[in-house]
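Please look over the structure below before reading the briefing. The notes begin with the chain as a whole and then turn to one pair of packed helices.

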Amino acid sequence: MSGEPVAVVGGGPGGALLAYLLARAGVAVTLFESRSDFEREYRGDSLHPYTMELLDRLGLADEVLELPHRKAAAFRFHTPHGVITAAGYARLPTRFNYVAIMPQALLIDLLVRRAGEYPGFRLRTSTKVIGLLTGPDGRVRGVRYRDGGAGGGGEGELATSLVVGADGRHSTVRRLADIPITSLGATTDLIWFRLPRRPQDPPDADLDLYCGPGRYVGMLGSDDHWRIGLGIPRGGYAAARQAGVGVVQDFLRTHVPWLADRAGLLTDFTQTSLLSVDIAAVARWHRPGLLLIGDAAHVISPVGGNGILMAVQDAVSTANVLVPVLRRGEPADADLARVEAQRVPAIAEVQAAQVRTERSLARARERNRLAAPPRFLRPILALPVVQRRSARSNAYGPRAPELDLAVLDASAPGAGQPAARRG
Ligand SMILES: Cc1cc2nc3c(=O)[nH]c(=O)nc-3n(C[C@H](O)[C@H](O)[C@H](O)COP(=O)(O)OP(=O)(O)OC[C@H]3O[C@@H](n4cnc5c(N)ncnc54)[C@H](O)[C@@H]3O)c2cc1C
């Protein structure tokens, strides 16, 4: 094994999972997170059946399910003409036949706690990566960081065998590596706000979309509140503010009638945030000594709720390909290219579907038409075979990689053997 650790930059779902997998495989890894904790208000919290099965294989699923979460059995469109089930997970032949909705912070805390049981793992929170160290051959050989923690550690450097940029859609690592990213055509922004959940609310609306002419709201449930995203045209937040919060209240009263009693709690735009949606991809995920994964390599829009799934699957492919290599030494550029080659077809498929959805949303807005699947498609979507296929495709994503547990837990110093379980 190379003497230098892998630096994983970014403690989102992709980076945290990869750091756990590497640590478990006996590969030395330092996880850098610029923030002091893993709290995320403006992120998706959905764990798909793929992710739950993966956690189960890692022996973590039962522990994850002890954390507060909700189980969404379906992803549905509510329209004035009825309900369309886009994905009914309950029929999937798995113990995890639902999407678990759980604050990202809980899952990530657990992953880093478990990673910390392996000797090669180091976590640096409040530490922002601000530069790359490059060797005379042009290979990335480390990171420069600024420790903003209470100890005021100042700036430092870490020599690495590999830098993995898992630092999200506005990736610093991507910019430092001079890897350009191209937008593929999002047309929507979201006005994001919370309203309280009441006991009489539908118990099964945790992932649902409520559609009206040219608009929709997406719901994300938790035990005591709803996070709600109202789709608006990209760049339309200022105009929406000018139109006033009454427009949002009216949409809720008309299209989500069971929220009508609370629509008035949204009194001001200061209670909302703008969530700018993007779909974007880099042409190349790597350069010598450096790899991008997750949103840093491909920004996934909230459509389909599968950004976490894609970041998790990137981490799995990275571990499958690179663990054996890292045990021997530094990965070559060709090894990094293998990770990219495994993941690009799936990402391209997901993003192409998102771009199609964005275009049809834009058309619906222009024509003030219902922002939902067209009427002629509804009988087809209702066919059991189509339901099963769409549930499966949403639950696992295209070309889902299977974690090579045998490689991960193969005999390497410390691999697969936590030093001791802390409580
Ligand atoms: C409004 C909205 C709603 C969404 N809803 C869903 C949903 O319901 N389901 C779903 O699956 N996906 C959803 N997504 C997408 C999903 O949140 C992302 O695809 C996913 O979080 C990407 O994971 P990641 O690990 O690649 O990066 P991120 O989760 O973005 O994590 C990156 C991490 O890197 C850290 N970081 C950044 N720069 C540095 C640096 N220089 N040094 C150190 N650390 C750094 C950040 O603090 C952050 O913790 C949504 C996205 C948006 C914008």
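The chain contains 13 helices and 22 strands, and the model shown here is a predicted one. Its radius of gyration is 22 Å, close to the 22 Å that the globule rule gives for 423 residues, so the chain is as compact as a globular protein of that length.

**The chain as a whole**
- Along its principal axes, the C-alpha trace of the chain spans about 60 × 45 × 40 Å.
- Of the 423 residues in the chain, 46% are buried.
- When contacts between residues at least 6 apart in sequence are considered, 74% of them join residues that are at least 24 apart.

**How α1 and α9 pack**
- Two packed helices are described by the angle between their axes and by the distance between those axes.
- Helix α1, made of residues 13–24, packs against helix α9, made of residues 307–328, at an angle of about 25°, and their axes lie 8 Å apart.
- Because angles under 35 degrees count as roughly parallel, α1 and α9 are therefore roughly parallel to each other.
- The crossing of α1 and α9 is right-handed.

**Residues in the contact**
- On the α1 side, the contact is made by Pro-13, Gly-14, Leu-17, Leu-18, Leu-21 and Leu-22.
- On the α9 side, the contact is made by Ile-308, Ala-311, Val-312, Asp-314, Ala-315, Thr-318 and Ala-319.
- Sorted by class, the residues in the contact of α1 with α9 are 10 nonpolar, 2 polar and 1 charged.

Notes:
Residues numbered from 1 in each chain as written. Predicted model: local features only at pLDDT ≥ 70, side-chain atom pairs only at ≥ 80, totals over all residues. Helix = DSSP H or I, 4+ residues; strand = E, 2+ residues; numbered from the N terminus. Rg over C-alpha atoms; globule rule 2.2 N^0.38 Å. Buried ≥ 20, exposed ≤ 12 C-beta atoms within 10 Å, placed from the backbone. Contact = placed C-beta atoms within 7 Å. Axes fitted to C-alpha atoms, helices over the stretch in contact; angles between N-to-C directions. Parallel < 35°, antiparallel > 145°, perpendicular 65-115°, else oblique. Left-handed = near helix turned anticlockwise from the far one by under 90°. Nonpolar A, V, L, I, M, F, W, Y, C, P; charged D, E, K, R; others polar.
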